[in-house]
Amino acid sequence: MKRAVFFISAAGLTLSSSLAMAGGPEDLLPDIFRDPPPQQQPSPTPTPTQTRPATPSRPSTPSAPGGSGEVVQPIPDTSNSSGSTSVNVPADFPSLAELEGMEEDEINELLGLRPKFDIPAAARRAVENVGVIAQAEGGFPSRSLANQPAALVSAVLQASDGPVVSRWGHILMRRALASRLETPRGLNPVAFAAMRARVLANMGEGAVARAFVQDIDGSEYDPALASAAFDAYLATGDVLGMCPVARLQSDLVDTPEWEMLQAICSAYLGDTRSADRRLQRAFGTGVADEIDVRLAQRYAGAAGEGGRAVNIEWDGVDELTPWRFAMARAVGEDLPENLRNGGGLSYDISTVLIPATPLLQRVEVADTAAARGVLSSAAMIDLYSQLWSSDSYDAADKSLAAQLREAYVANTPAQRVAAMRQLWGEGNDYGRLVLTAYAAARLPVSEDMEDDAANLIASMLAAGLDRNAMRWADVVPDGSKAWALLSLARPGADGAVDGGDIDSFLDDDGSANMRTSAFLLAGLAGLGRIDSDDLADFSERVGANFERRSAWSDKIGRAGELGNSTLVAMLAGLGMQGRSWEQMTPRHLYHIVRALNAAGLSAEARMIAAEAVARG
């Protein structure tokens, strides 16, 4: 009976508890906490050092209608439009289907998520002083153009759009452009860098131009600099070198090659599927020619996961472009002979610069690069030495390397000269004279080699070995070509040369329109080594007018008087624009040599003057 009463009591307790919860919790707070008096200022928040109040305060609890005391969450008022959480989507925003078909970088660009920098803030470089050769390393003074008129510097660089006829003029221009120079006041630093990079690339200095643009952060690039840099990377076969800039600023250039570059960069970042889709899209929409897309597919497929074969068909292709040349070299694809032969000398220089080119092909066109000034004599010897030591070629392929070896190690000087004579050939290729410069400098001076003295001296001067060449001064006949070369190349010479010797040279000159004699007079006059009366007489004899002035001659003459060697070098390069010495005039040579000598560049002035006589 007691157990029954216990269960009944427990059930009643449980029931009563349930009813109490349904009515809500009982408010146990005093009235003062339910209806606090108004206060003038909010109570300060206690600090860790303050004493916590005995009874914490809290806001009044809103009660439900009817005064039951329940806690009710207030419902937000949605009638006010200002509190709307809707997002305004642009009318031209891509649809979901279009978003699914877009690439990752395209979506990042659309949503504003693309990074603006790829280098930490502490490592970013200024663009006001760009270059790869400091003054302490042989470069020109950094502030030499800072106070020059921006319009003049821009005009000089914009007009310099091709190769330089003189090897030494090319070397001088390259050094000026690659020097670490401050931007002229009033000229945009990035525009200044872009113009210099473009001139370097157009000269055939792809490797120097590539090093130059790598000195600039990708976030600083503009379309002009990106185009010049892309040309430099293609000229050296370094297609992937452009990827950091292409990924950071994908919309800088609007060309088919740039679009395909984006796909190649994606492939080498591991997203081969995206790369394949992009190239298929380029192929399907006709953005680029089939041969260009196929080459890009072959290159991208080497990234790893591509794997599928890509056939390269040159049928119907009648033009060789930098993209096709660089990509074909990179993937090991042979170029059709008709395209290669009609491509121009610029592709010969690229052939030398691209390491993926077979060694024998690089050696075969090295003469062009050496005569232009891109390769030094030491670099040519390195190429020939690699060919000689290679086991991939037979004796016939190594014949030139064998002759060069004989020029160095043959038993007698006569045998060495004979080997050099075979290398020079009948046309006395100037590139081969560059090749044999150090071999010629090793020869003993002998009257027995008088007939070859002019070529031996020209060969030494092609590499700047003027001190070695001057050893022949007591052997060569006065008035000969060898004498003329030494008269111009002699370092630190004071006073005028003998007029009778000049007259003998003019009598023996067999060049067309006595151009060689005109170059000799221009060089001697520019160096101040000819009497004024003799110059007037001989100039009339060869039909040359060295005093005729132009805007260019005034500018380079004034820069020489002021001693601004950088501006003189750039103006000299502008005055020697051309692809052959037939485009060079004695008058231009006179103003160039004179300004260089006045600006403190006497060594370059002497080498350019001697080269003119050797090649004119």
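A residue counts as buried when its relative accessible area is under 20%, as exposed when that area is over 50%, and as partly exposed in between, using a 1.4 Å probe and protein chains only. With that in hand, let us walk through the structure.

This is a predicted model, in which local features need pLDDT of at least 70 and side-chain atom pairs count only at pLDDT 80 or more, while totals for chains, interfaces and linings use all residues. Residues are numbered from 1 along each chain as its sequence is written, and side-chain values use heavy atoms, leaving out hydrogens and water.

Start with the whole protein chain. Of its 616 residues, 45% are buried.

Now look at one helix, α21, which spans residues 413–424. Its 12 residues reach 16 Å from the first C-alpha to the last, close to the expected 16 Å, a span taken as 1.5 Å times one less than the number of residues. Which residues of α21 are buried? They are R416, V417, A419, M420, L423 and W424. These lie on the same side of α21 because they cover an arc of only 155 degrees around the axis, judged from the directions from the helix axis to the C-beta atoms. On the other side of α21, A414 and Q422 are exposed. The cover over the buried residues of α21 includes α20 (399–409), α22 (430–435), α23 (437–441) and α24 (453–462). After α21 comes G425, with a positive phi near 75 degrees.

Elsewhere, a disulfide (a pair of cysteine sulfur atoms within 2.5 Å) joins C243 to C265, with 2.0 Å from S to S. This pair links distant parts of the chain, 22 residues apart: C243 sits in helix α10 (residues 243–248) and C265 in helix α11 (residues 256–268). Both C243 and C265 are buried, and their link is left-handed, with -90 degrees about the S-S bond.

Finally, find the largest pocket, which holds about 600 Å³ of space. A pocket here is an open set of points on a 1 Å grid over the protein atoms alone, where a 1.4 Å probe fits, with protein on both sides within 12 Å along at least five of seven lines; lining residues have an atom within 4 Å of a point. Grid points are joined across faces, edges and corners, and the volume is the space filled by probe spheres set on them. The largest pocket is lined by 31 residues, with A201, D231, A235, P322 and S346 nearest its centre.

Conventions
Helices (H or I, at least four residues) and strands (E, at least two) are DSSP runs, numbered from the N terminus. Contact means heavy atoms within 4.5 Å.
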